[in-house]
Amino acid sequence: MDINLARTFLAIVETRSFQRAAERLHVTQTSVSARVRTLEELLRRKLFVRNKAGAALTRAGEQFLPHATTLVQVWERARHQVAVPDGSQAVLAAGCEISLWDPLLLRWLLWLRQTAPQLAIRTEVGFPHDLLDKVAAGVLDVAIVYAPQQRPGLRVELLIEEKLVMVTTAKRPRVPRPADYVYVDWGPEFAAQHGLAFPELSNAAVKAGLGPLGREYLLAAGGTGYFRLDVVRAHLESGHLRRVPNTPEFLYPAYAVYAVGADPAIVGPALSGLREVSAGGARPLVSGKLT
């Protein structure tokens with residue numbers, strides 16, 4: 001079977017729309033419809049019911065879903081392993097959410113090269129939805145993300161329960177004025193909690209969509225903002241930053257996401273390394289095996 005048929009099927013399931021699936025796959029809606037017809041002819045079953053709300057799975061479609069996921073994942077794993085560099089036994093493809101890569105990803109890479117030298121490593125940094133799509137499609141073996149959505153065929157493992165804390169360069173730490181505040185976008189859950197705690201800071205003078213950028217700006221220009229405790233710990237110990245007393249802490253957990261049918265020889269060392277390096281900054285909450 002053409003692997004693109006399974007990819008198209010999964011895109012429709014995810015977007016619940018033939019049109020949105022076509023946009024995601026960069027093909028025409030006519031091509032999407034043709035692929036679905038071909039797949040339904042091969043399976044001799046109708047897979048979708050189309051209505052004004054979009055596209056819903058039939059009973060046969062629900063039964064085919066885990067098999068389509070496995071087909072795509074196995075194909076991607078096979079494609080990666082064929083391209084294994086000389087001197088390596090396998091390729092580990094990993095992705096990390098933009099707000100979590102620093103310093104977790106670097107620590108993990110160093111750990112892997114020392115502990116699992118048989119693995120060639122390919123990494124990327126991106127947005128959580130894109131990373132989960134790639135894990136589901138088998139393009140990535142594991143992704144490190146914040147607040148992932150549960151999806152069929154994927155396992156989610158809690159790595160660390162990180163905290164976001166308010167820090168400042170001011171010698172007299174206190175809740176700042178909007179003009180002195182650096183707001184970092186840590187996601188919708190943080191935005192909602194932050195808005196309730198500090199409605200007066202909604203119009204911050206500086207807003208950063210990337211944690212490391214906000215941190216470096218704060219250290220260079222001065223000000224106050226919320227940052228991950230593990231990342232600013234050294235600056236707190238050196239005195240370059242100070243905790244603002246009597247301000248709330250916000251949880252910012254990190255999760256590892258991998259496929260149900262992941263190869264333990266590849267994903268096992270990756271998870272072990274993530275737990276190990278997570279323990280170096282924040283206490284790991286999970287210590288299990290890939291089963």
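Arg107 counts as partly exposed, with 31% relative accessibility; the term covers values between buried, under 20% relative accessible area, and exposed, over 50%, for a 1.4 Å probe and protein chains only. The model is predicted, so local features need pLDDT of at least 70 and side-chain atom pairs count only at pLDDT 80 or more, while totals for chains, interfaces and linings use all residues. Residues are numbered from 1 along each chain as its sequence is written, and side-chain values use heavy atoms, with hydrogens and water left out.

**Salt bridges**

Side chains of opposite charge can pair when their charged atoms come close. A salt bridge is defined here as a side-chain nitrogen of Lys or Arg within 4 Å of a carboxyl oxygen of Asp or Glu. The whole structure contains 13 salt bridges. In one of them, Arg107 meets Asp230 at 3.1 Å, N to O. Asp230 belongs to helix α9 (residues 229–238) and Arg107 to helix α5 (residues 101–115), so this pair ties together parts that are 123 residues apart in sequence. Helices (H or I, at least four residues) and strands (E, at least two) are DSSP runs, numbered from the N terminus. Asp230 counts as buried because its relative accessibility is 12%.

| Salt bridge | Distance, N to O |
|---|---|
| Asp230 and Arg107 | 3.1 Å |
| Glu124 and Arg122 | 3.7 Å |
| Arg228 and Glu162 | 3.8 Å |

Arg228 and Glu162 form a salt bridge. This pair links distant parts of the chain, with Arg228 in strand β9 (residues 224–228) and Glu162 in strand β6 (residues 154–168), 66 residues apart. Arg228 and Glu162 are both buried.

**The largest pocket**

A pocket is an open set of points on a 1 Å grid over the protein atoms alone, where a 1.4 Å probe fits, with protein on both sides within 12 Å along at least five of seven lines; lining residues have an atom within 4 Å of a point. The volume is the space filled by probe spheres set on the points, which are joined across faces, edges and corners. The largest pocket holds about 580 Å³ of space. Its lining has 20 residues, and those nearest the centre are Leu10, Arg24, Asp133, Ala136 and Arg151. Two or more lining residues come from each of α1 (3–15), α2 (18–25), α4 (59–82) and α6 (128–137).

**Aromatic pairs**

Rings of Phe, Tyr and Trp (its six-membered ring) pair if their centres lie within 6.5 Å; planes under 30 degrees apart count as stacked, over 60 as edge-to-face and the rest as tilted. The structure has 10 aromatic pairs. One of them is tilted, because the rings of Phe9 and Phe48 have centres 5.3 Å apart and planes at 45 degrees. Phe9 lies in helix α1 and Phe48 in strand β1 (residues 48–51), so the pair ties together parts that are 39 residues apart in sequence. Both Phe9 and Phe48 are buried. Phe190 and Phe250 form an edge-to-face pair, with 5.4 Å from centre to centre and 90 degrees between the planes. Phe190 and Phe250 are also members of one aromatic cluster with Tyr183, Phe198 and Tyr226.
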